[in-house]
Amino acid sequence: MKLLEKAINWATRKSPWIIHYNSGSCNGCDIETIDALTPRFDLERIGIIQQGSPRHADILICTGAVTIQTRDRLKQIYDQMPEPKYVIAVGTCACSGGIFDGCYCVMGGVDSVIPVDVYVPGCAVRPEAIISAVQKLLDTIGESKKKRDSNAKSLADSMNNNNLTRGMKNNTENNAENNGQDGGDLCAS
Amino acid sequence: MVLKLVKILIFPGFSFLAIYGMFLEYLDRKIYARIQNRMGPPWYQPLADFLKLLGKEIIIPADSNKKMFKILPIVSLAAVASAFVYIPVFGNTSSAFFEGDLIIVLYLMTITTICMFLAGWYSRGVYATIGSVRTLTQMFAYEVPLFMALLAPALIAKTWSITGMTAFYEEHPRYILINIPALFVALISGQGKLERAPFDSPEAETEIVSGVFVEYSGRLLAFFKLSVDCELVLVASLISAIFLPIMTDIAVLDFVIYLLKTIGILIIFSLMRSIMARFRIDQVVKICWRYLTPIATVQIIINLLIRGLLTL
């Protein structure tokens with residue numbers, strides 16, 4: 001029984017079939033997702049095939065902030081996928097709503113409707129980042145829940161230690177100053 | 001009795017058929033990838049796909065006919081597996097043969113297509129229904145030229161048994177050359193039978209998602225995929241047994257020749273799939289009835305004349 005489980009876990013890692021859904025993206029991340037499927041990147045090497053039907057897919061690749069229009073459809077597509085199923089939120093808008101967050105017709109990120117396994121930030125996301133996200137997701141399949149939780153915790157700790165947020169704040173301040181200077185130069189010239 | 005069971009279930013029966021089907025699928029995808037200047041999948045890819053689908057949840061649509069929905073993949077796989085028993089693989093005789101097994105093989109091949117049609121029809125999806133109608137339309141198109149092409153060599157051999165035909169052509173190898181137009185027709189309509197590009201409008205991914213398999217998931221889809229792979233082996237072996245009966249009397253050598261012949265036919269099928277775009281369903285019907293059927297008819301007339309000359 002254990003051997004069969006191991007074999008199926010191995011097979012799940014080796015044959016992820018993806019389905020791509022645009023839940024209100026500006027098309028930037030969609031172009032990059034399609035780009036990742038071209039012969040240049042050759043995703044069939046790691047067993048990825050794009051499927052049209054949600055019933056055949058294992059991984060839902062979702063791009064863009066979720067709008068009120070697409071909310072029910074996204075939920076429906078997720079429900080149509082057979083277990084075990086995974087969701088990757090591709091792009092900043094899919095992660096958090098991005099620049100569309102707070103808009104009258106936007107629900108927020110993908111995780112406001114369905115559970116998300118991997119977040120890939122970026123505007124637009126590079127194809128390499130999508131491939132890396134799929135590979136990272138596949139590496140966790142078959143791991144015990146405890147191990148996965150401890151991994152997530154160590155990742156969160158390392159992010160806190162690096163003080164990422166403060167660095168970003170400084171950057172934005174610098175940018176603001178730079179922009180001011182640029183503006184000044186522009187006026188002078 | 002035990003030997004017969006081993007022959008039917010393990011080698012050269014069902015287990016060999018499944019493994020060889022997966023190998024041919026890998027080879028097909030690899031050739032397809034190399035023509036697109038890609039690396040292609042690793043060798044274990046079809047096996048990984050199959051095992052993964054075995055472990056997935058099975059979703060049965062509420063509107064569908066549940067009993068038929070579950071039973072059709074198994075019937076389809078069983079039909080292919082039982083047709084494969086009549087084809088000579090190891091040595092020049094098949095595991096079982098009788099006068100008329102060629103007809104049985106052709107009808108068992110039709111059962112898989114009928115199963116796909118019913119699978120689409122009973123799953124009640126819109127795409128699945130369109131796919132199943134197209135499957136049936138395409139069946140009426142390719143079936144006549146395919147059957148005529150496969151039955152034409154039997155007219156010269158004066159037997160309806162595949163094993164008998166290989167024995168006849170082994171004795172008279174020059175008669176193989178007469179059947180070359182029929183081989184041409186069989187290769188093209190065989191591609192239609194397998195529903196591969198350019199004849200893949202029944203499961204056109206860009207138009208109707210994946211045709212009749214749209215609602216299938218998990219284990220049921222795995223069995224359907226396996227039966228499609230096995231069908232590929234069946235058609236390739238049938239064409240190689242009927243049109244290319246190159247035989248020695250050593251069984252192992254015959255087996256190696258069989259592998260080479262089927263891989264050669266698969267390469268032709270893969271090249272056809274990768275270099276051609278999809279025909280519309282009406283174009284498929286037109287090609288089959290306007291070009292392939294007349295060629296097959298002329299072949300049958302020529303073979304009847306030669307048969308008459310032989311008996312004089």
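Biologist: Why is the crossing of α4(B) and α5(B) called left-handed?

Modeller: The crossing of α4(B) and α5(B) is left-handed, a term used when the near helix is turned anticlockwise from the far one by less than a right angle, and right-handed if clockwise. This is a predicted model, in which local features need pLDDT of at least 70, side-chain atom pairs count only at pLDDT 80 or more, and totals for chains, interfaces and linings use all residues. Residues are numbered from 1 along each chain as its sequence is written, and chains are lettered from A and ligands numbered from 1 in the order in which they are written.

Biologist: What makes α4(B) and α5(B) roughly antiparallel?

Modeller: Helix α4 of chain B (residues 66-84) and helix α5 of chain B (residues 101-123) have axes 9 Å apart and pack at about 165°, where axes are lines fitted to C-alpha atoms, for helices over the stretch in contact, and angles run from 0 to 180 degrees between N-to-C directions. Angles under 35 degrees count as roughly parallel, over 145 as roughly antiparallel, 65 to 115 as roughly perpendicular and the rest as oblique, and the two helices are therefore roughly antiparallel.

Biologist: Which residues of α4(B) and α5(B) meet, and how do they divide by class?

Modeller: Among them are B:Leu72, B:Val75 and B:Ala79 from α4(B), and B:Leu108, B:Thr112 and B:Cys115 from α5(B), with contact meaning that C-beta atoms, placed from the backbone, lie within 7 Å. The contact divides into 16 nonpolar, four polar and no charged residues, where Ala, Val, Leu, Ile, Met, Phe, Trp, Tyr, Cys and Pro count as nonpolar, Asp, Glu, Lys and Arg as charged, and the others, Gly among them, as polar.

Biologist: What makes α10(B) roughly perpendicular to α11(B)?

Modeller: The axes of α10(B) and helix α11 of chain B (residues 251-275) are 9 Å apart and the packing angle is about 115°, which makes α10(B) roughly perpendicular to α11(B). Their crossing is right-handed, and residues including B:Val233 and B:Ala236 of α10(B) and B:Ile265 and B:Leu266 of α11(B) make the contact.

Biologist: Why is α2(B) called oblique to α11(B)?

Modeller: Helix α2 of chain B (residues 14-35) crosses α11(B) at roughly 45°, with axes that come within 9 Å, and that makes α2(B) oblique to α11(B). This crossing is right-handed.

Biologist: What is the largest nonpolar core, and which residues have the most contacts inside it?

Modeller: The largest nonpolar core has 91 residues, and B:Ala83, B:Ala149, B:Cys230 and B:Leu234 have the most contacts inside it. A nonpolar core is a set of buried Ala, Val, Leu, Ile, Met, Phe, Trp, Tyr and Cys residues joined through C-beta atoms within 7 Å; buried means that 20 or more other C-beta atoms lie within 10 Å of a residue's own, against 12 or fewer for exposed and partly exposed in between. Helix α10 of chain B (residues 218-243) gives the largest share of this core, 18 residues. Apart from it lies another core, of 35 residues, among them A:Cys29 and A:Ile59.

Biologist: How many helices and strands does chain A have, and how many of its residues touch chain B?

Modeller: Chain A has seven helices and seven strands, these being DSSP runs of H or I (at least four residues) and of E (at least two), numbered from the N terminus. In chain A, 17 residues are in contact with 27 residues of chain B, and the side of chain A that touches chain B divides into five nonpolar, six polar and six charged residues. Of the 189 residues in chain A, 33% are buried.

Key. Contact = placed C-beta atoms within 7 Å.
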